Amino acid sequence: MPDVKLSHAYLISSPVPERGLEKALTLSAAMLCTSPDAEGRPCGVCRSCRRIKAAQHPDVTIVRRQTDDKGRPKREIYIEQIRALVADSPVLPIDAPAKVYIITDAGTMNYSAQNALLKLLEEPPDFLSIILVAEAAGQLLETVRSRCVEIALGGDESEPDESARQLARRWIECAAAGDRLALVALTNEMGALDVRALGDFAEAARRLAADMLCRREDSFGLPRAEIMRLERLAEKCALYLRFNVSPKHLGGMLSAETISFP
């Protein structure tokens, strides 16, 4: 039975939780798919893929916030839930050559729960992968994020257009060069954009930073920690847009926070 495990830990961020979970299930299916065609995984038709889609695969565990006596989700994922995963982790898979833990609403894990997960992220069994799903990667501790391959999803399926990608590239170039004059000019330009265009910029910037971290794009000489900080700043921009913060104010924020060094 083929093994398609690509990494032991992923962090999927999406402002639409359903999209994040859908991506996590697709990734799990790719890992456990039994199709002989490696290029076609997940195939979507084998028994493993069908069971994962139906949330019935015995080797894919989905952890959610518990509910109260009225069926409402509780505020956070508790440390006891993470300890249960840690205790279960040495147990061999039942049906597949590997098993997957998906933690939805991962951003609601408190400090203690995230720290309890760290050891498992650092030294998981060879047959285990862990997928965290959060609305924003910045909700997780840096120590957790650094142990995951990050996948950032936007609020919809559309790709940012070329103008958004160019704007994102200019923004990161300003940060890399430490050019405050160019940055002020650029953020003034952003302040004149409409909300949709600025949202496209934020998504393009997040994707560009993720590609830089994975070495698919030139990093302009920026250290990894600085790229991750810029990615979080782009996420912050996207989050503020959801609360109707004006483009002008976001431009001011980016002008003040993009360059972190003298």
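User: Where does Phe220 lie, and what makes it count as partly exposed?

Analyst: In this predicted model, Phe220 sits in the loop that runs between helix H8 (195-213) and helix H9 (224-242). Its relative accessibility is 24%. Buried would need a value under 20% and exposed a value over 50%, so Phe220, at 24%, counts as partly exposed.

User: What is said about the phi of Phe220?

Analyst: Phe220 has a positive phi of about 55°, and it is not a glycine. As background, most residues other than glycine have a negative phi.

User: Which other loop residue has a positive phi of about 60°, and where is it found?

Analyst: That is Ala55, again not a glycine. Ala55 belongs to the loop between helix H2 (47-53) and strand E2.

User: How do you know whether Ala55 is buried or exposed?

Analyst: Set its value against the cut-off: exposed means over 50% relative accessible area. Ala55 has 58%, so it is exposed.

User: Now to the helices. Why are H3 and H4 called roughly parallel?

Analyst: Helix H3 (residues 79-88) and helix H4 (residues 111-122) pack at an angle of about 10°. Angles under 35 degrees count as roughly parallel, and therefore H3 and H4 are roughly parallel to each other. Their axes are 8 Å apart.

User: Which residues meet where H3 and H4 pack, and how many of them are nonpolar, polar or charged?

Analyst: From H3 come Ile79, Ile82, Leu85 and Val86; from H4 come Ser112, Ala113, Ala116, Leu117 and Leu120. By class, this contact has eight nonpolar residues, one polar residue and no charged ones.

User: What makes the buried residues of H3 lie on the same side?

Analyst: The buried residues in H3 are Ile79, Gln81, Ile82 and Leu85. Around the helix axis they cover an arc of only 160°, so they are on the same side of H3. Strand E2 (60-63), strand E3 (99-103) and H4 are among the elements that cover them.

User: Which exposed residues does the face of H3 turned away from its buried side carry?

Analyst: That face carries Glu80, Arg83 and Ala87.

User: Why is Arg83 called exposed?

Analyst: Arg83 has 51% relative accessibility. The cut-off for exposed is over 50%, so Arg83 counts as exposed. The C-alpha atoms of Arg83 and Ala113 are separated by 8.1 Å, while the two residues are 30 residues apart along the chain.

User: What makes Leu128 count as buried?

Analyst: Leu128 is in strand E4 (residues 128-134). It has 0% relative accessibility, and buried means under 20%, so Leu128 counts as buried.

User: Are Cys49 and Cys237 buried or exposed?

Analyst: Buried means under 20%. Cys49 has 5% relative accessibility, so it counts as buried. Cys237 has 0% and therefore counts as buried too.

Technical notes: Residues numbered from 1 in each chain as written. Predicted model: local features only at pLDDT ≥ 70, side-chain atom pairs only at ≥ 80, totals over all residues. Heavy atoms only, no water. Axes fitted to C-alpha atoms, helices over the stretch in contact; angles between N-to-C directions. Helix = DSSP H or I, 4+ residues; strand = E, 2+ residues; numbered from the N terminus. Parallel < 35°, antiparallel > 145°, perpendicular 65-115°, else oblique. Contact = heavy atoms within 4.5 Å. Nonpolar A, V, L, I, M, F, W, Y, C, P; charged D, E, K, R; others polar. Buried < 20%, exposed > 50% of the residue type's maximum accessible area, 1.4 Å probe, protein only. Arc of directions from axis to C-beta.
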